[in-house]
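Dear colleague,

Please find the structure below, handed over for your work. A summary of what was found follows.

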Amino acid sequence: MTPASRPPERRDGVRLLAVDTEREGFFDSGVDELPQLLSSGDVVVVNDAATLPASLFGVAAGQPVEVRIAGRSPTHWSVVLFGRGDWHSPTEDRPAPPVLSPGATIALGGGLTATVLGASTVSSRLLRVQFDLSGADLWAAIYTSGAPVQYSYQQRPLDLWSVQTVYGSQPWAVEMPSAGRPLAWSTLLALRRRGVILASLTHAAGLSATGDPALDSALPLPERYHVPRRTVDIINRARKRGGRIIAVGTSVVRALEGNVREHGHLVPGEHVTDLIIDASFQARVADGILTGMHNQDESHYKLLGAFSGRDTLTASWRHAVETGYLCHEFGDVSLLMPNISRPKHRRWISTSATDSKVRPMVASSRRSPRRDSKLLLQTSAA
Amino acid sequence: MKLKKLTTLITGGSRGLGRALGETLAHAGAKVVLVARHKQPLDEAVDSIRANGGEAHGIVADVGDKNAVYSIAGEAAALVGPIDLVIQNASTLGPTPLPLLLDTECEDLEQVLQVNLIGPFRLTKVLAGSMALRGRGTVINISSDAAVEAYPNWGAYSASKAALDHLTRIWAAELAETGVRFISVDPGEMNTVMHADAIPEADPATLAEPTKIAERIVDMVRRIDAAPSGARISAPSWQVRA
């Protein structure tokens, strides 16, 4: 599948592949048609994290480096160190950064300095650091000198507003919760008029790829999230009366399902999840997912096997590739859920004759990284 | 509206009405983020609030700068959490002495519109979506009687405030029933640097003190649920006009 190499002119001007996981089939649609695909009483849960300009440049051990913020805990920040270069180079082609020991410093833009507290056992590039600024001074330095994390399949530098949803608030995400990007307020208000209930949580969506095989195989790292009590109440009430829960993006799935697995039921508040979702996963909260399009060698795709039978998924994705759907954060999206309401003018393509829901997909225990390569673009476009 | 821990963003927060609003809201327990262009007076305003036991943070930014808007919103939310009240107080007169429209440079009109109209539009666009999703929030746009009256020499400023008033009404209409409230407030003539810039000959004794006006506005915020979204509230009567 070809990556979208730039933000679309209109955020809601992207295609939507509607995959009915119950009736076993699919049809082409558009994001602005989403309200017609859902029913009154359904709940749409979005990740309302704003996206931080999490790419910072500086100097460490006398060498130019890029620091990509990976996450934050009460005691430290997690960052991934990259060698010389920037997003124009595929992450896997970047030269290795210097190995930094505890106490080493990284001089960043905006007058910000990071001091290394320690390195992960997974990779010497995954560091725990402390910044020398705090409060408003720290955030000002990050926003002044930082840029959105981006990958080499993009055509030009991304503006901060290009990587935001229309409802983002706290800048917890270091990469955009991109499944929600195509949702314009005209669509969200139309969903409300339809009787669909909007709910939110905040999930610190992390890095997709680092170019370090060991680190990439450990992604996603544990990520923090916050579930408001209102969202827990909305979901519980909806489930009691048979409403369906549609997660917008894998970060929402990870937060909701991680929460339920840890506590037995949804518990509001701030938590951390290390849940890894694969095709054999049995979702307990989410009935469906609105997701970005991903290549079939990516674990984001394999995760979708938790929502759909293999043959339906395979056939719908083959259709997506053949008909030019675009993947990645500015690409098209797919809705996977049972019993989607199909507008009459949309042509139904059944997969039920060949689908076998009892056969699980080949499970991936880890999220395989996004291949950050211009070669990918060329291969997919060919 | 409860003011305790109310997450509040105030533009033009380093002096005049903006600073007074920050001090009054912080005194009532709100978590206040002040935005202003110049660091020194902004730091003084923040320090003053903190010295009195309030919570305040400062963001140095120009609301007329397109590139600053997501930084303002992101930094503010990082500091105090999702913003529930935004008071768009920053504004500019343009060049002074205030010129006739025929003598107003096109670029000066554009600059006034950037700060007084397009800046508030951009910031509302970034903040009100989160409010609508959460089902609560208030946007107060500081207006002027110049938005209604046709005073000679006030053309650029007046047009920007009149348009801001109308934007307020349209925001209210579009987001009706989302729980987000939009209000225009005409605070009347105050003893501020901006007023002195506009009318140097005015007798300060005849002008209201910003601290007094801030108390009136904060009192209105406490009772904001009684004001219909899209309303325009004017000094000195503080009557609501739909």
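At what angle do α2(A) and helix α3 (residues 69-80) of chain B pack, and how far apart are their axes? The two helices pack at an angle of about 145 degrees, and their axes are 10 Å apart. Axes here are lines fitted to C-alpha atoms, for helices over the stretch in contact, and angles run from 0 to 180 degrees between N-to-C directions. Helices (H or I, at least four residues) and strands (E, at least two) are DSSP runs, numbered from the N terminus.

The model is predicted: local features need pLDDT of at least 70 and side-chain atom pairs count only at pLDDT 80 or more, while totals for chains, interfaces and linings use all residues. Residues are numbered from 1 along each chain as its sequence is written, and chains are lettered from A and ligands numbered from 1 in the order in which they are written.

**Interface**

In total, 20 residues of chain A are in contact with 17 residues of chain B (contact: C-beta atoms, placed from the backbone, within 7 Å). On the chain A side, α2 (135-145) and β11 (197-203) each supply at least two residues, and α2(A) gives the most, with five. Where the two helices meet, A:Gly135, A:Ala136, A:Trp139, A:Ala140 and A:Tyr143 in α2(A) face B:Ser71, B:Gly74, B:Glu75, B:Ala78 and B:Leu79 in α3(B).

**Chain A sheet**

An open sheet of chain A has 10 strands in the order β14-β12-β11-β4-β13-β15-β17-β2-β3-β18, with mixed pairing (two strands pair if DSSP finds at least two bridges between them). β14 (269-273) and β18 (349-350) of chain A stand at the edges with a single partner strand each, so one side of each has no neighbour in the sheet. Within chain A, strand β4 (residues 43-47) and strand β13 (residues 245-248) pair in the parallel sense over three bridges; A:Ile245 in β13(A) is the bridge partner of A:Val43. Helix α8 (residues 310-322) of chain A lies across β2 (15-20), β3 (25-30) and β18 of that chain, at about 160 degrees to β2(A).

**B:Val33**

B:Val33 is located in strand β2 (residues 31-36) of chain B. B:Val33 counts as buried because it has 28 C-beta neighbours inside 10 Å (buried: 20 or more other C-beta atoms within 10 Å of its own; exposed: 12 or fewer; partly exposed in between; C-beta atoms are placed from the backbone). Beyond four places in sequence, the contacts of B:Val33 include B:Thr8, B:His57, B:Ile59 and B:Leu79. B:Ile59 is 26 residues away along the chain, with a C-alpha separation from B:Val33 of 7.3 Å.

Yours sincerely
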